[in-house]
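Good morning, and thank you for making time for this presentation. Please keep the sequence and the structure in view while I speak.

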Amino acid sequence: MDVRIQIVGIIGAALLLLVILELVRRRRLLERYALLWLLAGVVLLGLAVWRGALEVLAELVGIASPPNALFFVAFGFVLVLLLHFSVAVSRLTDQSKVLAQRVALLEERAGPPHTARRRDGDDADLVAVDDREGVPSASA
Amino acid sequence: MPPARTALAVVPAYNEAATITGVVDALRRSAPGFDVLVIDDGSTDDTSQLARAAGARVVRPPFNLGIGGAVQTGFVFARDGGYDLMAQVDGDGQHDPAELGKLLAAMEPGVDMVCGSRFLVRGEYLAPVSRRAGIHVFAWLLSRFVGQQVTDPTSGFRLYNRRAIRLFADDYPHDYPEVEAVLMLHHHRLRMREVTVRMFQRGGGSSSITSGKSLYYMVKVLLALFVALARKRPVVEPGDRAPVAAG
């Protein structure tokens, strides 16, 4: 196996792992979504480092060139991750539907929205007579 | 005689300003015992205001939920309000509230849902052939699945009793719910019946099922049917895992 593809594989997998860990550390990625990503990163890194395992895997499923087995595994992870997200999106869709229904029912129960109170007189009557002179201005 | 049952008419409406006043008026005239609840499913026209002015209560989800989510809001309202009966009447004027009496008469003990059908009497309903063909495919399949003649599974002119209300408040299909709902009833050993009704051409607005979407509709409903067949218990019983959970 060409040593260059091994180096590219190791660097790629290591970078992936670092990015995932950093995202979790900054709370940009929830642990439950990070788990699958971490598993993918660790497995890919392991296969890139340990050539023997890759060759065994390639032999097992009938892939002529071991580096292709790496792509094979990576593609498998991509599919699983996408499916994982579709499941997550479906759950969010369901949750937002239930929330929307509850909001709608609560709003109806709360009655009509508050409306502005109409007054007689003009804008000068917005404040009490005594306070009209003393309204502080922006420059004060 | 037992005391009169409490009844709610749920009218799902999406941009039905042209017809909603007529529908609510007709309901209040022909079915004065029914409380009227309009579900304004995120309309951008005056559907809410007109419905309220006509004397209906209006529930308005913050965004468009689609017919399934909208009608389910009505089921939750009916369940929480303790209604004995709930009718579903489209906001586009294709159902005649004067025929609610027929549905009510068919709601005998042991029947959980009565469905207004256009096809019990042949040759009455004039719709594009493609649409009728689609409905008949669903009807044929569904009849086999539930072991009972179902002629118009897409009809949204329905009357439900307490058991059906409770079932559908907990779980109602998302996109095009009518066909799947019949199968759900069957799985939960609830009984349905059909009665003949007339349906008008739409009074205004546009159907949620346009020609471009009809293929998607067919495929989606067929998928939902077969998935529902494979699903043993679509509804969560007390003590089961929550169907919608954050974790």
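In which helix of chain B is B:Leu229 found? B:Leu229 belongs to helix 8 of chain B, which covers residues 211–230. Please bear in mind throughout that this is a predicted model.

Is B:Leu229 buried or exposed, or does it lie in between? Its relative accessible area is 37%, so B:Leu229 counts as partly exposed. Leaving aside residues up to four places away in sequence, B:Leu229 touches B:Phe145, B:Leu183 and B:His187.

I turn now to chain B as a whole. Its secondary structure consists of eight helices and seven strands. Chain B has 247 residues, and 51% of them are buried. Among contacts in chain B with a separation of 6 or more, 76% are between residues 24 or more positions apart.

Next, the sheet. In what order do the seven strands of chain B lie? The order is 3-2-1-4-6-5-7, in an open sheet with mixed pairing. Strand 3 (57–59) and strand 7 (192–196) of chain B are at the edges with a single partner strand each, so each has one side without a neighbour in the sheet. On average, neighbouring strands of this sheet are turned by 20° against each other, direction ignored.

Two helices of chain B pack on this sheet. Helix 6 (residues 162–170) of chain B touches strand 4 and strand 6 of chain B, and its direction makes about 95° with that of strand 6. Helix 7 (residues 177–187) of chain B touches strand 4, strand 5 (113–117), strand 6 and strand 7 of chain B, and its direction makes about 30° with that of strand 6.

Let us follow the pairing through the sheet. Strand 1 (residues 7–13) of chain B runs parallel to strand 4 of chain B, and four bridges join them. Strand 1 of chain B also pairs with strand 2 of chain B, again in the parallel sense, over seven bridges. B:Leu8 stands opposite B:Asp35 in strand 2 of chain B and opposite B:Met86 in strand 4 of chain B. Strand 2 (residues 34–40) of chain B is mostly covered, with six of its seven residues buried.

Strand 4 of chain B is joined by four bridges to strand 6 (residues 158–161) of chain B, and these two strands run antiparallel. There, B:Met86 has B:Tyr160 as its bridge partner. Which way do the residues of strand 4 (residues 85–88) of chain B point? B:Leu85 and B:Ala87 point one way, B:Met86 and B:Gln88 point the other way, and all are buried.

In soluble globular proteins, nonpolar side chains tend to be buried together. The largest nonpolar core here has 41 residues, of which B:Phe75, B:Met86, B:Tyr160, B:Phe168 and B:Leu185 touch the most other members. A second, separate core has 30 residues, including B:Val23, B:Val24, B:Val38 and B:Ala87. As for B:Phe168, its contacts are B:Gln72, B:Phe75, B:Tyr160, B:Ala181, B:Met184 and B:Leu185, when residues up to four places away in sequence are not counted.

Helix 2 (residues 31–49) and helix 3 (residues 51–61) of chain A pack at an angle of about 100°, their axes 5 Å apart. Helix 2 of chain A is therefore roughly perpendicular to helix 3 of chain A. A:Leu47, A:Ala48 and A:Val49 of helix 2 meet A:Arg51, A:Ala53 and A:Leu54 of helix 3.

Between the chains, helix 4 (residues 66–110) of chain A and helix 3 (residues 66–80) of chain B have axes that come within 10 Å and cross at roughly 55°. These two helices are therefore oblique to each other, and the crossing is right-handed. Chain A contributes A:Lys97, A:Gln101, A:Leu105 and A:Glu108 to this contact, while chain B contributes B:Gly69, B:Gln72, B:Thr73, B:Val76 and B:Phe77.

Technical notes. Residues numbered from 1 in each chain as written. Chains lettered and ligands numbered in written order. Predicted model: local features only at pLDDT ≥ 70, side-chain atom pairs only at ≥ 80, totals over all residues. Heavy atoms only, no water. Buried < 20%, exposed > 50% of the residue type's maximum accessible area, 1.4 Å probe, protein only. Pairing = 2+ DSSP bridges. Core = buried A, V, L, I, M, F, W, Y, C linked by side-chain atoms within 4.5 Å. Contact = heavy atoms within 4.5 Å. Axes fitted to C-alpha atoms, helices over the stretch in contact; angles between N-to-C directions. Parallel < 35°, antiparallel > 145°, perpendicular 65-115°, else oblique. Left-handed = near helix turned anticlockwise from the far one by under 90°.
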